[in-house]
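This briefing goes with the structure shown here. Please read it alongside the sequence.

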Amino acid sequence: MAATIKPSRIYIDVTNACNLRCRHCCTSSGCKYEDELGKEEIISLIHQAKKMGITNLVFSGGEPLIRKDFFSILEYARNSGMEVTILTNGLLIDYKKAKTLIDLSVRVKISLDGACAETHDYLRGKGTFERTIDVLRLMVKLKCETLTVHYTVHRLNFLELEMLPELLRKIGVPNLVIGTIKPAGRAQINSELLIPPRMVPFVHERVNSVKRNAGIRIMSFSDRGWGEFGCPASCNKLGITSTGFLTTCAFFGSQFLGGNIREHTLEELWQSHLARSDIFVANEKCKKCPYLPSCAGGCRARALYYYGDINAPDPYCCALYNKKVFIDENRPTLLKALENPMEAFS
């Protein structure tokens, strides 16, 4: 059975180098590693992915546009028939690069983490908000229909999420992806950005409210259980780090990495991952939870951060499940409260 499972998409970190030092970067990107994959190794990787039947490819980093040979890699991937997305901060995109990305029909996902300069720049550096807005306007002017803004919700910017759709509509950005901060990389150091578990139901409801009323296309991950608060690794994605190691979760950092593409084929790495038994074994609390089949235990990186145990419960899942139980048990009262709150709770 396991042998028939194929990854839905492959993430390739083409470099660890980045022109920014974002406070919430899950990979603590910054400097290039000496032993990063070369162009021919990445091309071989793309070829192997295609042979495995993988057609969805995501280039990330670091900042992928830092690589001088990146556009030749992009061209090879597109000529191979791969659907390609790049995850970028956007700051290195000029007219020529924007035109090339559009001509290659690459999906461009640009990070924007605030609806105003103060919030965004706090994470990414002074002046980055205005520069990002300029790049978004350029991409819209050149009619990039796949242009997407990625907004990472954290403790200090979740209220601004309500202002974001209007800003994007004014610019003309057609798509929005909402993600949530994970306790990984530099986000662990800047823990004031993390959303406390007790705050999760409130933030979750604010996110859902924005999604219901956005007036803009909200694209979603294939997360299980709780949408943006779930586990993005549950959709059978795989990743290859900039130095060639297999990972199915960027939020583990260097922990729980698989083998290296320089020593094994991509198919071998994937099969060895499927055979592993140390990724998640349901704890007693999760085993008793009726929602386990839907959420699959939630985010293992959060369990590791909050409890020091990869097999511990995900506190976000627990908080959201308790909210669901409360709503289900009190649904008549809550519906009545919409009309007359004083009478409903008297």
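Predicted model: local features only at pLDDT ≥ 70, side-chain atom pairs only at ≥ 80, totals over all residues.

Helices α4 and α5 cross at roughly 105°. The largest nonpolar core has 76 residues.

**Helices α4 and α5**
- Helix α4 spans residues 117-124 and helix α5 spans residues 128-141.
- The axes of α4 and α5 come within 8 Å and cross at roughly 105°.
- Angles of 65 to 115 degrees count as roughly perpendicular, so α4 is roughly perpendicular to α5.
- On the α4 side, the contact is made by Ala-117, His-120, Asp-121 and Arg-124.
- On the α5 side, Thr-128, Phe-129 and Thr-132 take part.
- Sorted by class, this contact of α4 with α5 has 2 nonpolar, 3 polar and 2 charged residues.

**Asp-113**
- Asp-113 sits in the loop between β4 (107-111) and α4.
- Asp-113 has a relative accessible area of 0%; buried means under 20%, so Asp-113 is buried.
- A polar atom of the Asp-113 side chain lies 3.0 Å from the backbone nitrogen of Thr-152.
- Leaving out residues up to four places away in sequence, Asp-113 touches Thr-119, His-120, Leu-123 and Arg-124, among others.
- The contacts of Asp-113 also include His-24, His-150, Tyr-151, Thr-152, His-154 and Asn-157.
- His-120 and Arg-124, both touched by Asp-113, are also among the α4 residues that meet α5.

**Nonpolar cores**
- Within the largest nonpolar core, of 76 residues, those with the most contacts are Ile-10, Phe-59 and Leu-266.
- Helix α5 supplies the largest share of this core, 6 residues.
- Leu-266 touches Ile-10, Leu-45, Gln-48, Ala-49, Met-52, Ile-54, Leu-238, Ile-240 and Ile-261, when residues up to four places away in sequence are not counted.
- Another core, of 6 residues, lies apart from the largest one and includes Cys-249, Ala-301, Leu-304 and Ile-310.
- In soluble globular proteins, nonpolar side chains tend to be buried together.

**Arg-300**
- Arg-300 belongs to helix α12, which covers residues 300-307.
- The relative accessibility of Arg-300 is 7%; with buried meaning under 20%, Arg-300 therefore counts as buried.
- The side chain of Arg-300 has a polar atom 2.6 Å from the backbone oxygen of Ala-312.
- Arg-300 and Phe-280 are 20 residues apart in sequence, and their C-alpha atoms are 7.5 Å apart in space.

Conventions
Residues numbered from 1 in each chain as written. Heavy atoms only, no water. Axes fitted to C-alpha atoms, helices over the stretch in contact; angles between N-to-C directions. Helix = DSSP H or I, 4+ residues; strand = E, 2+ residues; numbered from the N terminus. Parallel < 35°, antiparallel > 145°, perpendicular 65-115°, else oblique. Contact = heavy atoms within 4.5 Å. Nonpolar A, V, L, I, M, F, W, Y, C, P; charged D, E, K, R; others polar. Buried < 20%, exposed > 50% of the residue type's maximum accessible area, 1.4 Å probe, protein only. Polar contact = N/O pair within 3.5 Å; in protein donor to acceptor, adjacent residues only side chain to side chain. Core = buried A, V, L, I, M, F, W, Y, C linked by side-chain atoms within 4.5 Å.
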